[in-house]
Amino acid sequence: MSARTPAAAEEAALLARRADFPILARTTYLISHSLGAMPRGVFDSMQEYARSWAERGIRAWSEGWWAMSGSTGDVLCDILDAERGSIVMHQNVSVCQSVVASCFDYRPPRNRIVYTSLNFPTVMYVWEARVREGAEIREVPSPDGMTVPTELLLDAIDERTLLVPISHVLYKSAFLQDAAAIVEKAHRVGAHVLLDCYQSAGTVPFSLRELGVDFACGGSVKWLCGGPGAGWLYVRPDLSEKFEPRVTGWMAHEAPFDFVPGPIRYAKSTYRYLHGSPGVPAMFAALPGYRTIRELGTAAIRRKSVRQTELLREEALARGLRVTSPPDPARRGGTITLDPAPLLGGAAAKGQDGRLGAAIVQALAAREILVDFRPGAGIRVSPHFYSTDDELLACLDAIGDIVRRREHERFATGVSY
Ligand SMILES: Cc1ncc(COP(=O)(O)O)c(C=O)c1O
């Protein structure tokens with residue numbers, strides 16, 4: 001791409017941020033679907049956290065710490081096009097899902113929870129646990145283990161459906177679900193949607209405002225480059241006061257510092273979805289990544305991501321690998337999944353059962369190339385805004401080289417995470 005085209009200039013501006021991510025100086029980092037690279041700004045941000053605690057002591061709470069559940073959420077509101085004040089911070093997606101689950105009761109006839117068999121397992125665990133309270137799970141199977149046709153999911157949503165907790169982008173295959181169609185159908189039959197945006201936020205642009213989704217959540221360790229411990233929960237503003245979560249605590253109280261005994265009086269804002277004291281250090285760690293994504297813009301990040309995932313796909317096919325993620329970039333998030341089995345010929349079609357793929361991932365790590373492997377999907381490779389084309393090609397070449405030299409045979413064949 002000529003450096004003079006606007007597209008090339010846009011990508012150059014993204015790549016100019018490479019220097020802000022220390023690990024990129026020595027590592028080919030193609031694993032942002034799992035843990036985004038740490039921005040250098042985290043050193044300063046954590047220093048600021050330590051300074052505020054060390055020098056301001058107890059006053060740090062009123063000088064910002066208490067408000068961080070909302071102020072950190074507001075940066076995400078900018079990224080995800082949500083009304084400011086509609087996102088609060090929690091520890092992780094599992095907690096966010098549990099808070100939402102505690103808003104409902106599960107008496108028939110509207111007691112069905114509908115999701116697909118490719119949901120991230122933690123989400124299933126949370127909702128399966130509601131079966132004890134009367135919920136009925138309706139799991140829509142995937143015909144190919146990688147995607148779920150939208151019509152199948154839509155057909156499963158009916159007047160008995162209470163809630164549809166689904167992933168925006170599937171963690172295994174990067175299949176991008178049609179959230180707008182799912183919200184439309186759910187609302188038509190009186191059901192709510194909880195959209196897990198962990199694999200989309202930060203790499204796929206979308207507007208929570210436009211989607212009209214009831215609840216959304218995500219975490220920060222992946223494309224947002226925010227590190228662990230900073231989960232976020234969005235509640236559509238007009239719904240905010242409708243529910244009274246049973247997973248609750250004093251931060252959800254209308255006046256927490258009045259220390260009123262007895263039953264809770266819920267806050268008249270998204271704060272009613274909080275529980276106890278906030279995880280302050282995690283939010284300090286998350287902010288530099290959020291601010292970088294906000295500044296660069298997910299539209300520009302996505303344009304580069306689509307070009308690079310297409311490049312990866314074509315180059316992988318040209319090198320004899322099987323690509324298992326969806327071929328249409330419009331239906332795909334930021335990851336390409338690869339089955340290396342064809343490199344060994346038909347006899348060793350082990351790529352997706354864990355042995356070959358997991359061993360190749362370890363051999364790549366020994367060469368300072370970081371990707372991962374998921375059983376049933378293959379090797380997950382993800383360019384982010386800081387990735388160069390050369391890195392993508394180097395990863396593919398290394399896979400071919402490792403298999404040719406049988407280098408993978410030196411590595412344990414367990415599945416590595
Ligand atoms: C789609 C999706 N949801 C949820 C999670 C994790 O949930 P939690 O934040 O509870 O660890 C992941 C990955 O770790 C994921 O890919």
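Tutor: Across the whole structure, the search finds 1 cavity of 30 Å³ or more. The model is predicted; local features need pLDDT of at least 70, side-chain atom pairs count only at pLDDT 80 or more, and totals for chains, interfaces and linings use all residues. Residues are numbered from 1 along each chain as its sequence is written, and side-chain values use heavy atoms, with hydrogens and water left out.

Student: What makes a space a cavity and not a pocket?

Tutor: On a 1 Å grid over the protein atoms alone, a cavity is a set of points where a 1.4 Å probe fits but cannot get out, whereas a pocket is an open set with protein on both sides within 12 Å along at least five of seven lines. Lining residues have an atom within 4 Å of a point. The largest cavity has a volume of about 40 Å³, a volume being the space filled by probe spheres set on the points, which are joined across faces, edges and corners. Among the residues that line the largest cavity are His33, Tyr171, Trp223 and Arg380.

Student: How do you know in which pocket the ligand sits?

Tutor: A molecule sits in a pocket if more than half of its atoms lie within 2 Å of the grid points of that pocket. By that criterion, the ligand sits in the largest pocket. The volume of the largest pocket is about 340 Å³, and 25 residues line it, with Val93, Phe120, Tyr198, Val221 and Lys222 nearest its centre.

Student: What makes up the lining of the second largest pocket, by class?

Tutor: Ala, Val, Leu, Ile, Met, Phe, Trp, Tyr, Cys and Pro count as nonpolar, Asp, Glu, Lys and Arg as charged, and the others, Gly among them, as polar. On that basis, the lining of the second largest pocket has 10 nonpolar, 3 polar and no charged residues.
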